[in-house]
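Welcome! Open your viewer, and let us take a short walk together, one selection at a time.

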Amino acid sequence: MKNRIKVGIIGGGTIGTALAHAVVTDLKAFAQLKYLCEKHKEKAAVLQKKFRFHARLVPLAQLVRRSDLIIEAASPKVAAQVIRLACKWNKKVLIMSVGGLLHPQIAELLKKNLARIFCPSGAITGVDGVLAASCGKIRKVRLTTRKPPEALMGASYFLQKRFPVLKTDSEERRVFFGTAVEATKHFPQNINVAAVLSLAGIGPERTQVEIWTSRSYKGNRHEVLVEGDFGTFTTVTQNKPAPGNPKTSYLAILAAIATLKKAFASVRVGT
Ligand SMILES: NC(=O)c1ccc[n+]([C@@H]2O[C@H](COP(=O)([O-])OP(=O)(O)OC[C@H]3O[C@@H](n4cnc5c(N)ncnc54)[C@H](O)[C@@H]3O)[C@@H](O)[C@H]2O)c1
């Protein structure tokens, strides 16, 4: 129990709170939750009350400096900020807002530093296969995402484009087609899985992304198609939303817990 690593969590929303809980329960043999950072006063107070026997609230830079492992669960902007600081102090960081990693400056910075970044596979399946396939030649990676309208609301894409007006419950509409770079730029809080998939495979410029919406969709559904020298595979993941947040799939939380568990495991299964 003596050598447990110190964990700091940034963002106390759906994912941050669930991961804080996982650290103090599932991972308590290896890790101790020491620091929390949440910008909203009321949320911060709730978080502090919930984890008062474990962690204290500190400003972001202090959290990064003092923690051995930082968990970012806030936004792509915060992810980029955390990575910059983590590079300064050679920290390990689990990033949830993976879109924040696609900025060319961040990629360059990471090449020259000893900071280590963990990106859970999130709400998609098939990342293990893409990682294996990328050791050979991959010709195509395509993500087709289907989300109910409420899971797309608030995306910056709809500042320029009209939010789709669906006439019937069964109508399906393709709202976006482009690269993973474009998808994460226009839907920064909604399509982290595109960033994950692109980093595992052929990169954000070559990974294709389609986003569909319909009122008939229940939860987020992700279809991954990969073609390469190994052959082809497709995966379909029909997600249930995390309690209280239709934008976040429950599997994304479980994938992050699995990534943390794997980091401490004596036997590591999967690519
Ligand atoms: N990788 C994946 O598969 C995946 C899946 C779902 C969500 N996400 C991403 O993970 C992040 C968290 O998701 P969530 O569902 O918990 O969102 P959420 O909105 O429930 O929580 C985010 C929290 O971060 C806080 N926050 C924002 N900026 C902050 C700052 N500068 N300092 C401290 N706290 C700050 C907010 O106040 C909020 O409480 C989002 O960026 C989301 O896009 C990733």
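Which element gives the largest share of the shell around the ligand? Select α1 to find out: three residues of the shell come from α1, the largest share. (Helices are DSSP runs of H or I with at least four residues, strands are runs of E with at least two, and both are numbered from the N terminus.)

Before going on, note that this is a predicted model, where local features need pLDDT of at least 70, side-chain atom pairs count only at pLDDT 80 or more, and totals for chains, interfaces and linings use all residues. Residues are numbered from 1 along each chain as its sequence is written.

Now select the whole shell: 28 residues surround the ligand, and the closest include Gly11 and Ser97. Here a residue is near a molecule if its C-beta atom, placed from the backbone, lies within 6 Å of it. α1 (14–24), α10 (192–200) and β13 (245–249) are the elements that give two or more residues to this shell.

Next, color the sheet β8-β9-β7-β10-β11, an open one of five strands with mixed pairing. Two strands pair if DSSP finds at least two bridges between them. Inside, β7 (138–147) and β9 (208–213) run parallel over six bridges; look for Leu143, which faces Val209 in β9.

Last stop: Asn90, in the loop between α4 (76–89) and β5 (92–95). Its phi is near 50 degrees, a positive value in a residue other than glycine.
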